[in-house]
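Reader: I'm new to reading protein models. Could you walk me through this one with a few questions and answers?

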Amino acid sequence: MKYGESSFDIIYLCCAVFCGIWILSKRRGKIGALMGSAALILGCGDAFHLIPRVINYFSDADLSLWLGVGKLVTSVTMTVFYVLMYHLWTMLYDEKGHKALTCPVYLLAAVRVILCLFPQNGWLTNESPLLWGILRNIPFVILGVIIVALYFQKRKQLRAFRFIWLLVTLSFLFYIPVTVGTQFVPMLGMLMLPKTVCYMLIILIFVRYKPNKSRS
């Protein structure tokens, strides 16, 4: 399993980072910048966790510190990713000036990041208590629900983005059991693989989308 999972993780990281750089270099305008930045942040953030995970498979060294800190970094960058997804929605569908919605998005993101920074999460030992795993993910899940609702509402307006809501939904459905259940059923950790596939498909949508000049 270590060879298969390690290969998958490396391929994902390379694709996410490459696609992010490619989008930023090829697509001009705010929409291209948002999609490229989102892909790049996703790949670079996950690298902090996945690279130590891959090394851990082939090394006897104690990498608990790096694995825990990597999870912290990934938790923060995933939050930033969804904030960017919100701003991408406002640009794609010309929904600017949504202050009533922007404030809750940023508040949820801030609460999520602050909760992640508490030492009670046990990042330095890579042993996060279940209670704190639940607490820090409550605002994250609410943020995800908002993103799903926004993209679902507009799913018929842009064909290229019609499945974004579904991919985000599936990613959370795969992620939540891992958060609350891996301490009891370690095999649930395998759900992170289909979760990662969802993100790869989102990045593929970014790569294939060609914004109109009016929306760039």
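Reader: Which residues of α1 are buried?
Author: Keep in mind that this is a predicted model. A residue counts as buried when its relative accessible area is under 20%. Going along α1, the buried ones are E5, S6, D9, Y12, L13, A16, C19, G20 and I23.

Reader: And what covers the buried residues of α1?
Author: Cover here comes down to contact, meaning heavy atoms within 4.5 Å. For the buried residues of α1, what covers them includes α2 (30–57) and α7 (192–208).

Reader: How far apart are the end C-alpha atoms of helix α1?
Author: Helix α1 has 25 residues, running over residues 2–26.

Reader: Is E5 buried or exposed?
Author: The cut-off for buried is under 20% relative accessible area. E5 has 7% relative accessibility, so E5 is buried.

Reader: Which side chain meets E5 in a salt bridge?
Author: Side chains of opposite charge can pair when their charged atoms come close. Searching the whole structure turns up 1 salt bridge. In the bridge with E5, the N to O distance is 2.7 Å, and the partner is R53.

Reader: How many residues apart in sequence are the parts that this pair ties together?
Author: R53 sits in helix α2, while E5 belongs to helix α1. R53 is partly exposed, at 30% relative accessible area. The pair therefore links parts of the chain whose separation in sequence is 48 residues.

Reader: Which element gives the most to the largest nonpolar core?
Author: That core has 49 residues, and Y82, L88, Y151 and F161 have the most contacts inside it. Elements giving two or more residues to the core are α1, α2, α3 (64–92), α4 (99–117), α5, α6 and α7. With 11 residues, the top giver is α3.

Reader: What is F161 in contact with, leaving aside its neighbours within four places in sequence?
Author: F161 is one of the residues with the most contacts inside the core. Setting those sequence neighbours aside, its contacts are M35, L88, L92, Y93, Y151, I205, F206 and Y209.

Reader: Now the surface: which element gives the most to the nonpolar patch?
Author: The patch is formed by L131, I134, L135, I138, I142, I176 and V180, which together have about 540 Å² of accessible area. The one giving the most, with 5 residues, is α5.

Methods
Residues are numbered from 1 along each chain as its sequence is written. This is a predicted model: local features need pLDDT of at least 70, side-chain atom pairs count only at pLDDT 80 or more; totals for chains, interfaces and linings use all residues. Side-chain values use heavy atoms; hydrogens and water are left out. Patches are made of residues with over 30% relative accessible area and no salt bridge: like charges are joined within 9 Å, nonpolar side chains (Val, Leu, Ile, Met, Phe, Trp, Tyr) within 5 Å. Accessible areas come from the Shrake-Rupley method with a 1.4 Å probe; for residues, only the protein chains shown count as cover. A salt bridge is a side-chain nitrogen of Lys or Arg within 4 Å of a carboxyl oxygen of Asp or Glu. Helices (H or I, at least four residues) and strands (E, at least two) are DSSP runs, numbered from the N terminus. The expected span of a helix is 1.5 Å times one less than its number of residues. Buried means under 20% relative accessible area, exposed over 50%, partly exposed in between (1.4 Å probe, protein chains only). A nonpolar core is a set of buried Ala, Val, Leu, Ile, Met, Phe, Trp, Tyr and Cys residues joined through side-chain atoms within 4.5 Å.
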